Amino acid sequence: MEPITTVLDLRELARRRVPRAFFEYADRGAYDELTLRDNRAALEAIRLRQRVMVDVDRRSLATTLAGQSVSMPLAIGPTGLTGLQCGSGEIHGARAAAKAGIPFCLSTMSICSLEQVRAAVDAPFWFQIYVMRDRGFARELIQRAAAAQCPALMLTVDLTVQGQRHREIKNGLTVPPKLTLRNLLDIAGKPRWAWSVLRAPSRSFGNLEGCIRGADSLTTLAQWIADQFDPTLNWRDLEWIRASWPGKLIVKGILDAEDARLAADAGIDAIVVSNHGGRQLDGAPASVHMLPRIVDAVGDRTEVLFDGGILSGQSLLKGLALGARGGLIGKAFLYGLGAMGEAGVTRTLEIIRKELDVSMALTGQTDVRAVNRDILLRADGSPW
């Protein structure tokens, strides 16, 4: 095997090792995938300002995210069905993040449950919540996160109604995997994946199993979400969520300056500028295009993070320069996980860390907390 030098190398390896339905769940987006492509293209269009003859011998990537000290301004964002990219995937991700000194956020739609992941790792992790129609169960999930000593709760607000993802329908994505002749042949050619999933502690929605009707049945994921997720979620719900949660509260899915101001008015500790990785509203702008407007709108009233298209340290650096405190990765994490399990996640984080460090040096930066828009240029080389 050729040396793995980029996150896209890990993507190619994951594509070969993970059954198509699950790889494409992680890799693809909604409808025509315009926003999915724009997330990456928008970051690629930003240029970095090369500086020379600056003493950059001592560099620091350390900062804080949601009040937590981190070794670099990056977190592993919440991803559904992680344990079906690789068996025990959530545990592998949490362990790799802890070793790297960054946060890991567990999804409500994880395969391994909160309790299974907490029992398998030394460090507590963040927890992401979707609000179900059964608000009592949502409160119970929050209580379980508190019992697991999660320091931050991340409320995702942009999936109350699901955007259609054509590949999920065409692939007949179900949880647990439904064996058909087509996917049986696919799985048969991926024994490493099959063995890891068979050995894992869970193969269904671990946080929901036995608690929510249909969570362990062979319905399609899209049908289940349409039946269970609550489209009445609104800003007033922050009151009971805040009252139920003792730690830091993060709102993920902000893509408009007015929504960002409302979140800041509500006293949210941090927001994530996000279009759900291009998996919800197709035609929505790239996250990085909205990032500077949102940063300007909230000022220092709340911390701003971003996701969408971060596949390298250079793309992370560009978001930091536009005012984000840090970035979240989803696809990059899942590519590493699908490629090589925990070792692949570690490799993803190593690649991004090294690229960020080198790019800081070549732009004359020594402290990640001091990076600003001065290091950016437009595609034609003109000032940002």
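So, a polar atom of the E90 side chain sits 3.2 Å from the backbone nitrogen of C112. That falls in the range for a polar contact, which is a pair of N or O atoms within 3.5 Å; within protein, one must be able to donate a hydrogen and the other to accept it, and residues adjacent in sequence count only if both atoms are side-chain atoms.

Keep in mind this is a predicted model: local features need pLDDT of at least 70, side-chain atom pairs need 80 or more, and totals for chains, interfaces and linings use all residues. Residues are numbered from 1 along each chain as its sequence is written, and side-chain values use heavy atoms, with hydrogens and water left out.

Back to E90, which is in helix α4, residues 89–100. Which residues does E90 touch, leaving aside neighbours within four places in sequence? Counting heavy atoms within 4.5 Å as contact, the list is L81, T82, G83, F104, L106, S110, I111, C112 and V117.

And E90 is buried, meaning under 20% relative accessible area with a 1.4 Å probe, protein chains only.

Zooming out, 58% of the 384 residues are buried. The C-alpha trace spans about 60 × 55 × 40 Å along its principal axes. As for contacts with a separation of 6 or more, 75% come from residues 24 or more positions apart.

Methods: Helices (H or I, at least four residues) and strands (E, at least two) are DSSP runs, numbered from the N terminus. Buried means under 20% relative accessible area, exposed over 50%, partly exposed in between (1.4 Å probe, protein chains only). Lys and Arg count as positive and Asp and Glu as negative; His and the chain ends are not counted. A salt bridge is a side-chain nitrogen of Lys or Arg within 4 Å of a carboxyl oxygen of Asp or Glu.
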